[in-house]
Amino acid sequence: MKSSVIVFPGSNCDRDIAVALEKMQFKNQMVWHKETNLPKSDLIVIPGGFSYGDYLRSGAIAGKSKIIGEVIKAANSGCLVLGICNGFQILTETGLLKGTLLRNRDLKFINKDIHIKVINNKTNFSLKYKKNQVLKMNIAHNEGNYFTNPKHLEELEKNNLIAFKYCDEKGNINNQSNPNGAINNIAGIYNSKKNILGMMPHPERMVDKIISNTDGVNLFSSLLN
Amino acid sequence: MKITDEIIRNHGLELKEYKEIQKLLKRNPNLLELGIFSAMWNEHCSYKSSRIHLKKLPTNGKQVIQGPGENAGVIDIGDDDAIVFKIESHNHPSYIEPYQGAATGVGGILRDVFTMGARPIALLNSIHFGSPSHPKTKSLLNGVVSGIGGYGNCIGIPTVAGETKFDETYNENILVNAMAVGHAKKEKIFYSKAKGLNKSVVYVGSKTGRDGIHGASMASAEFDDNSEEKKPTVQVGDPFTEKLLLEACLELMKDDSIISIQDMGAAGLTSSSVEMASKGSLGIELNLDKVPCREENMTPYEIMLSESQERMLIILEDGKEENAKKIFEKWDLDFVIIGKTTNTKNLTLKLNGLIQGEIPIDALASMAPKYDRQWVKKKLPKNKVEIKNLKKIKTEDALNKILSSPNHSNKSWVTNQFDQMVMCDTAKRSGSDAAIIRIHNKDKAIAISVDSSANYCKSHPLTGGKQIVCENWRNLISVGAKPLAITNCLNFGNPENKEIMGEFAECLEGIKESCEFLNYPVVSGNVSFYNGTNKKNIKPTPVIGGVGLINKLSYPLDHNFKKENSIIILIGKTFGHLEQSCFLKENYSIVDGRPPEVNLLNEKNNGELVLKLINKNLILSAHDVSSGGLITALCEMTFANSIGVKTEKPKNLRNLTQYLFGEDQGRYILEIDKKNYTTVEKIIKNADVYFENIGITQKNYFEISGEMKTAVNDLFKVNNQWYNNF
């Protein structure tokens with residue numbers, strides 16, 4: 001399986017995701033933001049970081065970059081696209097995913113291990129997980145507070161487009177287990193065709209038990225399937 | 001412009017220093033030249049009060065590749081790997097403008113590390129604030145923490161460990177010390193020494209603006225009531241540009257284009273060019289009209305003294321200019337040849353072909369003033385705290401007081417604002433005795449910790465200096481690392497005061513004794529004097545940053561109890577030293593008496609034994625005993641996994657409070673699987689080290705027989721309140 005990781009100036013999880021993909025036997029390439037051609041790939045990953053410094057709204061400039069037009073084309077023709085953290089923010093800026101990511105409820109950057117629940121385990125990204133499985137993952141963001149309009153929110157819930165929700169160790173989804181104030185505890189969503197996933201937690205940080213745990217492995221092995 | 005006495009004083013120079021300048025130049029300097037002298041001769045850049053004392057520190061060892069004097073120290077960790085690290089202060093700017101002051105402190109220390117060819121792999125910090133009740137503390141804490149996070153998170157280097165402390169001594173002069181650690185290949189270390197004539201001097205990075213002019217001089221003076229007016233001397237950080245600069249520099253460093261490279265830190269273009277030329281015994285000529293400027297009509301004076309961030313000066317090999325330029329253009333950074341090396345041994349500054357200033361390099365560097373300032377010794381305090389005269393307090397209440405105090409509370413409010421995981425090699429994060437960072441793609445790792453004990457140092461600087469090196473050493477041992485070398489950040493008051501100078505000289509003597517005995521050399525560091533406001537000096541606060549090596553990281557060790565029914569032993573003797581303890585401070589507001597004694601022989605034997613046991617995989621968890629004593633350390637081990645402990649009171653006990661809360665040095669608590677106990681006991685007895693069997697782990701409860709029994713979760717709650725309520 002061929003993957004491409006898009007590298008913007010200011011991306012800083014690009015190496016981490018490349019390491020995880022290679023560990024999972026993907027044939028990976030790094031694609032610089034000034035490129036105008038995207039190599040043929042089965043999976044495109046937009047990694048975390050602070051693209052172009054994020055001095056404007058997070059992801060806003062990356063959403064208008066040269067390479068992103070190619071990403072949009074590929075996504076529309078069915079290529080799998082994964083946006084993690086800043087990548088999720090960029091996907092919402094391009095319109096490939098609806099909604100937006102506001103500043104965290106407490107107006108502070110948060111880095112910690114949190115728990116998420118697998119809501120939809122029937123997609124290319126999640127079929128190796130069990131439904132309602134609780135995963136421990138790491139988050140690291142300042143703008144992770146997902147927000148969308150009531151109509152879209154209803155669509156997300158009704159059409160099973162919510163990938164993950166924040167929960168506690170035992171799987172309870174409530175205000176206490178919501179680290180950043182995201183609407184309905186949403187940690188990750190799909191587009192309507194379910195070929196695009198945007199998520200705030202970092203699965204690439206959870207593939208090595210010396211560092212953390214291996215709860216992210218199944219996301220990548222689902223993709224290989 | 002006539003140089004008046006007032007202009008001289010405004011440049012932070014003494015009149016006798018000005019006379020020296022006239023002598024060295026054999027004429028009067030112009031304003032540009034005076035500015036350059038003031039930038040190079042201030043305390044921050046010249047180390048004029050500290051140099052003669054710093055010379056005494058041990059800086060050699062088999063593990064040392066580069067000691068002090070370069071941008072950062074370099075040590076050998078085996079194979080072809082080297083670790084590059086340094087700590088630096090950014091105290092004054094952070095007090096004036098906490099967010100930018102702290103952020104640029106991080107940016108500056110990172111540049112020191114990647115200038116040498118290392119990819120930064122970890123950041124640490126030691127931050128000290130005034131009393132929580134002081135009106136400024138809250139906003140300073142908020143600003144500094146988000147500034148440190150803002151810079152490190154954006155550039156994508158994990159902030160993995162640190163200390164956050166409060167004491168009224170820092171009410172009007174906080175401390176913000178940042179440490180960076182990088183990894184390089186041994187044969188690819190880059191130095192700042194210039195070589196060769198007529199080589200291109202290249203300016204790369206951000207443009208030069210009017211920010212930070214005279215920042216280094218500001219950092220070399222005491223604060224007064226008008227300190228707020230110094231805001232314009234604080235630089236503004238841009239972590240995004242630094243990320244680009246980091247990647248561009250590392251890309252250029254892959255081949256052999258670079259002869260020498262130096263970041264523009266304190267005193268900007270001035271100190272970087274002078275340092276490169278001075279180390280290479282060369283001259284350097286700069287065409288200031290070529291320097292990329294952010295603002296129009298900047299004068300040579302402003303260009304030379306600006307401390308705009310994210311800039312580097314590089315001397316390139318002939319013919320490498322084009323390729324280097326391409327790399328920097330790829331990263332959208334300025335790349336301009338602004339001068340060349342010469343054989344004049346002068347710093348020559350030109351504007352549109354006309355010389356604006358010319359100063360012998362030696363006059364700025366090696367001939368800078370050096371003072372042997374007066375200092376006095378401090379006697380070991382005699383005043384005794386009589387424990388038996390104090391009001392009785394229940395053990396549990398005293399413990400709660402400590403656990404809920406600002407200095408001992410859980411610091412996740414702080415550390416959760418730092419990305420600790422990016423780069424995916426952080427095996428142990430903040431909260432551990434030391435952070436563990438794996439070397440990328442290898443199975444070895446380094447352990448890192450920063451430590452300070454201002455109260456001990458104030459009470460008796462010699463013992464305090466000794467103690468803090470040992471504590472740092474113990475923290476590395478506790479995660480199974482062999483301690484290799486340290487960097488130090490020496491935060492002191494006004495060196496013109498002989499008591500303060502005495503604190504400095506004696507802390508350094510203490511540091512020296514411990515480092516020598518433990519083979520734990522100093523490879524880099526920074527001195528920050530003039531910490532104080534209106535003649536009130538801070539307590540002496542040397543901060544030690546240590547790096548150790550874990551040869552094979554199979555299972556990263558920490559201090560959390562792992563299972564029930566393990567045997568808990570205490571290595572090292574307990575005498576019950578309560579003076580200067582956290583127990584007396586938090587429960588009786590007494591900060592008095594002498595610090596605990598440091599016995600280097602025991603320290604070394606105990607540490608080496610613990611490391612041996614860990615390396616033989618006989619230890620489930622380990623923790624050093626420090627501030628708060630045995631009971632606090634034990635308690636900290638119970639939190640993560642809700643595994644408690646049941647301890648017995650020792651036989652032939654004189655005083656339980658002293659036993660539980662005493663801060664005697666050289667002690668470790670170890671958790672041992674029952675099945676390994678006999679083996680462990682035999683090894684300890686063979687090593688002739690004192691130990692006590694103090695109890696066993698149990699489910700959920702923290703218990704001292706006949707004294708207290710409390711649910712671990714309740715103690716954890718107590719430990720977690722303070723920051724959230726603040």
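The predictor's confidence in each residue is expressed as pLDDT, on a scale from 0 to 100. In this predicted model, chain B has a mean pLDDT of 94, with 97% of its residues at 70 or more. The scores for the model itself are an ipTM of 0.97 and a pTM of 0.96.

Seven strands of chain B make up an open sheet with mixed pairing, and reading across it gives the order S8-S10-S7-S11-S9-S12-S13. The edges are held by strand S8 (258–263) and strand S13 (354–360) of chain B; each has a single partner strand, so one side of each is left without a neighbour in the sheet. On average, and with direction ignored, neighbouring strands of this sheet are turned by 25° against each other. Within the sheet, strand S7 (residues 200–205) of chain B runs antiparallel to strand S11 (residues 334–342) of chain B, and six bridges join the pair.

Turning to the contact between the chains, 20 residues from chain A meet 25 residues from chain B. On the side of chain A that touches chain B, at least two residues come from each of helix H1 (14–23), strand S6 (110–118) and strand S7 (134–141) of chain A. S6(A) provides the largest share of that side, with three residues. By residue type, the side of chain A that touches chain B comprises 10 nonpolar, six polar and four charged residues.

Notes. Residues numbered from 1 in each chain as written. Chains lettered and ligands numbered in written order. Predicted model: local features only at pLDDT ≥ 70, side-chain atom pairs only at ≥ 80, totals over all residues. Pairing = 2+ DSSP bridges. Helix = DSSP H or I, 4+ residues; strand = E, 2+ residues; numbered from the N terminus. Axes fitted to C-alpha atoms, helices over the stretch in contact; angles between N-to-C directions. Contact = placed C-beta atoms within 7 Å. Nonpolar A, V, L, I, M, F, W, Y, C, P; charged D, E, K, R; others polar.
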